[in-house]
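Please walk me through this structure. Start with the strands, then move on to the helix, the charged pairs and the whole chain.

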Amino acid sequence: MPFVGTGAYPVRVGNAVRPLLDGAAAFRAICEAIDGAQARVWVTVTFLWAGFRMPEGRGSVFTVLERASQRGVEVRLLCWRPDEATAELRANAFWGSAGHFDQLRREAPGISVRWDRAQPGFCQHQKVWLVDAGLDTACAFVGSMNLNPHSMVAPGHAGAGQNHDVALAIRGPVVTDIQHNFVQRWNEASERHEADGRFGPGAEGELAFPGVIAAACGTTVAQVQRTIHAGRYTASVPAPGHGAFEVARGEYSIRDQYLEAIGAAREYVYLEQQAVSVRPILEALVAAVERGVVVVLVVPSVADRIHGAAEGRGAWLREARRVLALSPGFFLGGLAGCGVDGARHPVHVHAKLMIVDDGWATVGSCNLHRYSLEEQRLNVALADPAVVRAPVRAAAGISGGTR
Amino acid sequence: MDGRAALGELRAAGVRNTERQEGGRPAWEGIILALDPLRWWVS
């Protein structure tokens with residue numbers, strides 16, 4: 001399965017990758033990593049609800065981060081600041097209101113925060129947790145979970161109002177590229193010079209780009225891929241062991257990877273997505289089923305949840321979906337959970353996952369609706385049969401990944 | 001079980017879970033459902 005050469009980061013061997021199915025397992029692993037951090041914890045946040053609590057009584061995310069800070073760990077948070085065009089999303093974001101500053105002073109005075117805008121009308125949508133970047137023990141978590149109560153759920157989805165998410169726990173050389181991405185964003189965060197654009201003791205300082213590749217510790221081949229809007233960042237400092245990349249021209253390696261991988265599929269394509277309405281990707285899926293590839297798409301089982309502003313428009317979309325719908329090789333699935341009342345409740349598929357041919361996958365924060373390939377996203381593509389089978393088996397009810 | 005076989009089971013489970021009814025209500029058997037793409041997607 002081909003990776004792509006159109007992004008900032010190379011294909012790296014020697015990684016250890018573990019799939020984490022749904023938010024409870026992911027946030028538990030994240031908290032354990034933070035509790036064991038020796039030097040630094042860096043996080044990129046899109047949506048954070050005031051009522052969100054970490055698992056097993058750990059308290060709010062700020063409680064967890066401040067506890068690390070009190071041990072001498074350097075904690076940095078990069079948060080999205082919506083603009084007027086996305087103002088309705090402020091209710092779900094930690095965007096730097098006066099109340100948010102009060103909360104930081106009260107709950108997490110030791111951490112540092114910068115706010116970063118996206119292109120007008122778009123969203124900073126990278127969801128990454130990075131622990132001890134630069135040390136041999138460095139690890140990262142890349143996925144789709146938002147910090148809200150709908151995400152704090154387990155496979156099987158016993159209950160109502162649940163999201164389904166997938167994340168990866170990663171160690172090894174690609175963690176260096178995740179570190180590079182964080183440094184690039186931190187140093188050029190749009191609000192860094194504004195009085196209300198930063199918080200905390202280390203918020204004014206810039207970070208050094210990584211110069212050494214993290215040591216190999218596993219067998220998974222992987223690559224960090226992104227969507228970066230042209231003009232958003234300018235520093236073209238190369239990732240270690242790789243050539244310079246003109247990030248000012250934008251990066252679209254996630255889109256390129258999706259098209260390459262679907263085009264190379266021989267047996268099956270398995271997708272978990274909120275929506276698929278990007279024209280080239282739908283056309284690639286149509287071409288895949290027409291050459292005999294099985295395509296399974298698992299989406300929110302209540303269609304209304306994605307029939308909003310993010311959906312595409314036009315006759316081509318209806319025609320592509322009609323062709324898929326009539327293809328015997330196509331299966332559209334949804335997920336449902338059993339509530340305490342014994343009734344079936346729809347699960348909102350919030351994962352951003354694609355698996356191809358039993359050996360390759362991409363996982364991250366990139367949806368496939370019309371906003372997705374223009375705003376800031378981060379995925380990790382990987383080649384490892386042992387890793388990629390877990391999500392399919394879990395959805396089929398055969399056996400799960402890490403729970 | 002390889003991934004393609006797992007997908008076959010997933011499809012079968014989805015159809016089974018969706019079609020099975022008890023007393024007019026869907027019976028609980030798993031988490032995967034089969035959605036009708038023509039109704040869900042196209043209409």
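Two strands pair if DSSP finds at least two bridges between them. Strands themselves (E, at least two residues) and helices (H or I, at least four) are DSSP runs, numbered from the N terminus. This is a predicted model, in which local features need pLDDT of at least 70 and side-chain atom pairs count only at pLDDT 80 or more, while totals for chains, interfaces and linings use all residues. Residues are numbered from 1 along each chain as its sequence is written, chains are lettered from A and ligands numbered from 1 in the order in which they are written, and side-chain values use heavy atoms, with hydrogens and water left out.

Begin with β6(A) and β8(A). They pair in the antiparallel sense, over five bridges. Within this pair, Ala140(A) stands opposite Ile170(A) of β8(A). Strand β8 covers residues 166-171 of chain A, and five of its six residues are buried, so the rest of the structure largely encloses it. Buried means under 20% relative accessible area, exposed means over 50%, and partly exposed lies in between (1.4 Å probe, protein chains only). β8(A) has another partner in strand β1 (residues 12-21) of chain A: six bridges join them, and they run antiparallel. There, Pro19(A) faces Leu168(A) in β8(A).

Now go back to β6(A), residues 139-143. This strand also pairs with β5(A), antiparallel and over four bridges. Val131(A) stands opposite Cys139(A) in β6(A). Strand β2 (residues 40-45) of chain A is joined to β5(A) by four bridges, again antiparallel. Thr44(A) is set opposite Val128(A) in β5(A).

Which way do the side chains of β5(A) point? Val128(A) and Leu130(A) point one way, Trp129(A) and Val131(A) the other way, and all are buried. In a regular strand the side chains alternate between the two faces of the sheet.

Next comes a helix. Helix α6 of chain A takes in 12 residues, 279-290. At 1.5 Å a residue it should span 16 Å, and its end C-alpha atoms are 16 Å apart, which agrees. The expected span is 1.5 Å times one less than the number of residues. The buried residues of α6(A) are Ile281(A), Leu282(A), Ala284(A), Leu285(A), Val286(A), Ala288(A) and Val289(A). They pack against α5 (253-264), β12 (268-272), β13 (294-298), α7 (315-326) and β14 (330-338) of chain A. Contact here means heavy atoms within 4.5 Å. After α6(A) comes Gly292(A), with a positive phi near 95°.

Turn to the charged pairs. Side chains of opposite charge can pair when their charged atoms come close. A salt bridge is a side-chain nitrogen of Lys or Arg within 4 Å of a carboxyl oxygen of Asp or Glu. The whole structure holds 19 of them over all chains.

Look at Arg81(A). This residue is buried, at 4% relative accessibility. One partner is Glu191(A), with the closest N and O atoms 3.4 Å apart. Glu191(A) sits in the loop between α4 (174-187) and β9 (198-199) of chain A, and Arg81(A) in the loop between β3 (74-80) and α3 (98-107), so the pair ties together parts that are 110 residues apart in sequence. Glu191(A) is buried too, with a relative accessible area of 8%. Asp196(A) also meets Arg81(A) in a salt bridge (3.3 Å, N to O). Asp196(A) lies in the loop between α4 and β9 of chain A, so this pair links parts 115 residues apart in sequence. Asp196(A) is partly exposed, at 38%.

Another salt bridge joins Glu84(A) and Arg90(A), whose closest N and O atoms are 2.9 Å apart. Glu84(A) is exposed at 64%, and Arg90(A) is partly exposed at 21%. Elsewhere, salt bridges that share partners join Arg28(A), Asp35(A), Glu56(A) and Arg58(A) into one network.

Finally, step back to the chain. Chain A has eight helices and 18 strands. Its radius of gyration is 20 Å, close to the 22 Å that the globule rule gives for 403 residues, so chain A is as compact as a globular protein of that length. The radius is taken over C-alpha atoms, and the rule is 2.2 Å times the number of residues to the power 0.38. Buried residues make up 63% of the 403 residues in chain A.
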